[in-house]
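Please keep the structure in view while you read, and find each residue as it is named.

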Amino acid sequence: EANGNDLSLCKWFHIQALSTRDDVLSSVSSLLSHPDFSLKNPNKCRSLCAFADNMQHYHAKDGSGYAWITDRILEIDAFNHQVSAGFVSHLSDFRKYDPTRQALMKAQLERLLKTEGLGKDAFEIVSRSLKG
């Protein structure tokens, strides 16, 4: 048990985010409400949002991983523009992927672009990404 040890908790959240289990997205979503987790803690936030590094599940053909990270970007952007902008890179490299995934990732970038009040940092990255 971590007993409030932030380093151990961050490592545990990170391991959960990179799991190869089929239910990893559901699991990671549930962990957002874990009593020891907070999106306002940048280290814990990065640990759980490492889901975007989970090549097997982040790039699911239904786009659910892209929608999940976009939801987190929007949540985080409300209180930490720099951290949220850092996660945009997980969508901005959409041209590297097959046409189906490109379209899904691009749709999430467009969703961010249309968000009123999106932080300047994230807005600039999204705009540049879409311009190519």
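A crossing of two helices is called left-handed if the near helix is turned anticlockwise from the far one by less than a right angle, and right-handed if the turn is clockwise. With that in mind, note that the model is predicted, and that the crossing of helices α5 and α7 in it is right-handed.

**Helix packing: α5 and α7**

- Helix α5, which covers residues 64–77, and helix α7, which covers residues 99–113, have axes that come within 10 Å and cross at roughly 15 degrees.
- Because angles under 35 degrees count as roughly parallel, α5 and α7 are roughly parallel to each other.
- On the α5 side the contact is made by Y66, A67, T70, D71, I73 and L74, while α7 contributes R101, L104, M105, Q108, R111 and L112.

**Helix packing: α6 and α8**

- Helix α6 (residues 81–92) packs against helix α8 (residues 120–131) at an angle of about 15 degrees, and their axes are 8 Å apart.
- The angle between them is again the reason for the description, so α6 and α8 are roughly parallel to each other, and α6 passes α8 in a right-handed crossing.
- Where the two helices meet, H81, Q82, S84, A85, V88 and S92 belong to α6, and D121, A122, I125, V126 and S129 belong to α8.

**Aromatic pairs**

- A search of the whole structure finds 5 aromatic pairs, and one of them is formed by F13 and F37, which are edge-to-face at 5.2 Å centre to centre with 75 degrees between the planes.
- This pair links distant parts of the chain, since F13 lies in helix α1 (residues 6–17) and F37 lies 24 residues away in the loop between α2 (24–31) and α3 (42–48).
- F13 counts as buried because its relative accessibility is 0%, and F37 also counts as buried, at 8%.
- Another edge-to-face pair is formed by Y58 and Y66, with 5.0 Å from centre to centre and 85 degrees between the planes.
- Y58 is buried, with a relative accessible area of 1%, and Y66 is buried with a value of 0%.
- Y58 and Y66 also belong, together with F51 and W68, to one aromatic cluster.

**Charges over rings**

- The charged end of R72 sits over the ring of W68, at 4.8 Å from its centre.
- K40 lies over the face of F79, at 5.3 Å from the ring centre.

Terms used: Residues are numbered from 1 along each chain as its sequence is written. This is a predicted model: local features need pLDDT of at least 70, side-chain atom pairs count only at pLDDT 80 or more; totals for chains, interfaces and linings use all residues. Side-chain values use heavy atoms; hydrogens and water are left out. Rings of Phe, Tyr and Trp (its six-membered ring) pair if their centres lie within 6.5 Å; planes under 30 degrees apart count as stacked, over 60 as edge-to-face and the rest as tilted. Helices (H or I, at least four residues) and strands (E, at least two) are DSSP runs, numbered from the N terminus. Buried means under 20% relative accessible area, exposed over 50%, partly exposed in between (1.4 Å probe, protein chains only). A charge sits over a ring if NZ of Lys or CZ of Arg is within 6 Å of the ring centre and within 35 degrees of the ring normal. Axes are lines fitted to C-alpha atoms, for helices over the stretch in contact, and angles run from 0 to 180 degrees between N-to-C directions. Angles under 35 degrees count as roughly parallel, over 145 as roughly antiparallel, 65 to 115 as roughly perpendicular and the rest as oblique. Contact means heavy atoms within 4.5 Å.
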